[in-house]
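Hello,

Here is the structure for you to look at. My notes follow below it.

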Amino acid sequence: MSSRPVCIAQISDLHIKSPGTLAYGRVNTGKALERCVAAVNEFNPAPVFTVISGDLADTPTADEYQHLEQLLAPLKLPFAGIPGNHDARELMRAALPSAAYAFTAGALNQKIEVGELDLILLDSSVPGKPHGTLDAATLQWLEQTLASSADRPALLFLHHPPFKTGIWHMDRQNLLNADQLASIVKRHPRARLIAAGHVHRAMLTIFEGIPATICPAPNHAVDLDLAELREPSFKIEPPAFHLHAWFPGEGFGSVVTHQVPIGTFDGPHPFFGPDGKLL
Ligand SMILES: [Fe+2]
């Protein structure tokens with residue numbers, strides 16, 4: 001048997017409302033998170049950590065964060081959250097008081113050591129704005145943090161994607177200073193993955209030679225309107241989360257990102273019968 005990877009779960013864009021309130025009058029984001037937490041808990045082998053990559057709340061209000069706390073209580077894994085454009089830093093600090101943020105005020109950046117891996121959580125939120133920026137203090141912290149232990153593989157997480165997706169109304173509110181992120185990560189080969197959220201649908205590209213992903217949401221998806229036919233819209237598509245599986249090996253090892261659908265599906269069924277022949 002091959003060696004088992006270290007698995008990090010990523011869930012994103014929860015948009016939790018006050019109990020009984022639907023997002024956009026239509027989406028029960030609380031129920032969606034319940035199903036997502038159950039799916040993460042059931043995954044075998046158990047991931048070692050869960051990163052929540054932004055938009056934990058929706059409006060946001062203290063009520064929404066309280067509801068979020070209730071919904072996350074059954075999660076069996078340790079977790080950490082990064083603010084998105086629907087979050088408020090101070091409400092998040094109050095709701096998740098045990099988080100070890102790098103700064104006592106401002107951006108909620110964190111470095112989390114999980115065995116041989118560093119998880120680097122970057123706060124790209126800009127208070128009151130939909131777009132993202134990594135502020136000067138965060139960029140400096142990232143540079144120092146990546147330089148501090150050059151032999152450990154690092155996975156970077158942030159809410160706003162640092163690349164164009166082709167969805168016009170999201171691309172005008174992505175990470176506006178992606179060039180500054182690029183100039184840092186290219187100096188640090190231990191950065192092995194950049195994992196974002198914000199667009200509520202799975203995507204994969206290369207950013208400065210590093211794999212870069214967007215995590216799907218447990219609720220609604222941003223409409224994949226690459227023809228720019230419609231006003232900003234969402235669709236209810238199959239919900240999912242990401243599982244980043246890190247395999248130790250030469251250099252910094254390797255990372256594979258799996259998309260894990262949330263729900264109950266037919267199977268698994270064996271390929272082979274008791275005689276070893278294909279069924
Ligand atoms: Fe967002």
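**Aromatic rings and the iron site**

F234 is partly exposed, because its relative accessible area is 28%. (Buried means under 20%, exposed over 50%, partly exposed in between, with a 1.4 Å probe and protein chains only.) This is a predicted model: local features need pLDDT of at least 70, side-chain atom pairs count only at pLDDT 80 or more, and totals for chains, interfaces and linings use all residues. Residues are numbered from 1 along each chain as its sequence is written, and side-chain values use heavy atoms, with hydrogens and water left out.

Now the rings. Rings of Phe, Tyr and Trp (its six-membered ring) pair if their centres lie within 6.5 Å; planes under 30 degrees apart count as stacked, over 60 as edge-to-face and the rest as tilted. The count is two aromatic pairs. Y24 and F234 have ring centres 5.2 Å apart and planes at 35°, so this pair is tilted. Y24 is partly exposed, at 48% relative accessibility. F271 and F272 form an edge-to-face pair, with 6.5 Å between centres and 65° between planes. F271 is exposed at 64%, and F272 is partly exposed at 47%.

Next, the iron ion. Which protein donors does the iron ion have? They are D55 (OD), N85 (OD1), H159 (NE2) and H198 (ND1), lying 2.2 Å from the ion. Donors are N, O and S atoms within 2.8 Å of the metal (3.2 Å for Na, K and Ca); water is not among the atoms, so sites may look incomplete. The donor residues are spaced D-x29-N-x73-H-x38-H in sequence. D55 and N85 are both buried.

Best wishes
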